[in-house]
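Hello,

Here is the structure I promised to pass on.

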Amino acid sequence: MKRWLRIQSEPIDEAKLSKERSISNGIGAVIYFLGVVRATEGTETISAIDYEAFEKMAHHQFAKIFDEAERRWPIESIRLVHRIGNVPVNEPSLWVEVAAPHRAEAFAACQFVIDEMKKVVPIWKRPVK
Amino acid sequence: MKVRVCFHSYFRELTGTDQIDEEVRDGETLGELVKRLQQKFPKLKPMERSTLMAVGVEYQTHDYPLHEGDEVSLFPPVQGG
């Protein structure tokens with residue numbers, strides 16, 4: 001399985017990521033998820049979220065999640081970008097793409113990667129008013 | 001022997017530092033070290049049940065036996081995405 005991971009402070013460039021997509025003839029499903037900063041956190045109105053990562057461990061924990069996704073589903077590739085630092089409202093903080101032969105496994109794997117990330121990858125957020 | 005302890009996210013505010021070096025005795029466990037740190041930094045104590053512990057880049061449990069040069073990390077629940 002091909003895997004590509006970035007934890008970056010630069011904005012997520014969806015157009016560039018789409019352009020760089022490379023899939024084989026056996027792929028029937030490419031799905032991607034975009035996590036976007038909402039203008040509310042609980043009852044508070046916010047202008048941005050400031051993300052912090054323990055990067056060395058985050059890379060390792062993402063690698064373990066990708067290993068497990070590969071074990072469970074016949075995925076050709078996973079690409080993931082998590083933005084850190086100040087991410088304004090309406091801008092994406094997370095971009096995850098899964099390519100697989102069929103949509104069921106692509107959706108399942110994408111959901112799995114995000115769910116596991118939220119449990120174990122050391123990234124934290126602070127709302128900015 | 002010595003281990004390094006790193007605090008992440010708002011644990012830095014609770015302790016007033018991002019890292020400290022701690023002397024630990026042979027055979028001391030991660031859980032014992034964390035208990036001592038809660039005495040040293042009382043603001044960590046209320047976070048006891050939600051504190052996550054890692055050594056290097058792996059999560060560890062209270063019974064993990066510490067080794068010379070271990071880099072311990074303590075932090076609150078993660079919130080990526």
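The model is predicted, so to speak of local features takes a pLDDT of at least 70 and side-chain atom pairs count only at pLDDT 80 or more, while totals for chains, interfaces and linings use all residues. Residues are numbered from 1 along each chain as its sequence is written, with chains lettered from A and ligands numbered from 1 in the order in which they are written.

Chain B has two helices and five strands (DSSP runs: H or I of at least four residues, E of at least two, numbered from the N terminus). From the N terminus, they come in the order β-α-β-α-β-β-β. The C-alpha atoms of chain B fill a box of roughly 35 × 25 × 20 Å along the principal axes.

Where the chains touch, chain B gives 11 residues and chain A gives 18 residues (contact: C-beta atoms, placed from the backbone, within 7 Å). On the chain B side, five are nonpolar, six polar and none charged (nonpolar: Ala, Val, Leu, Ile, Met, Phe, Trp, Tyr, Cys and Pro; charged: Asp, Glu, Lys and Arg; polar: the others, Gly among them).

Chain A holds an open, mixed sheet of four strands in the order 1-6-8-2 (strands pair if DSSP finds at least two bridges between them). Its edges are strand 1 (2-8) and strand 2 (29-36) of chain A. Strand 1 of chain A runs parallel to strand 6 (residues 77-83) of chain A, joined by seven bridges, and A:Arg3 stands opposite A:Ile78.

Best wishes

Note on methods:
Two residues are in contact if their C-beta atoms, placed from the backbone, lie within 7 Å.
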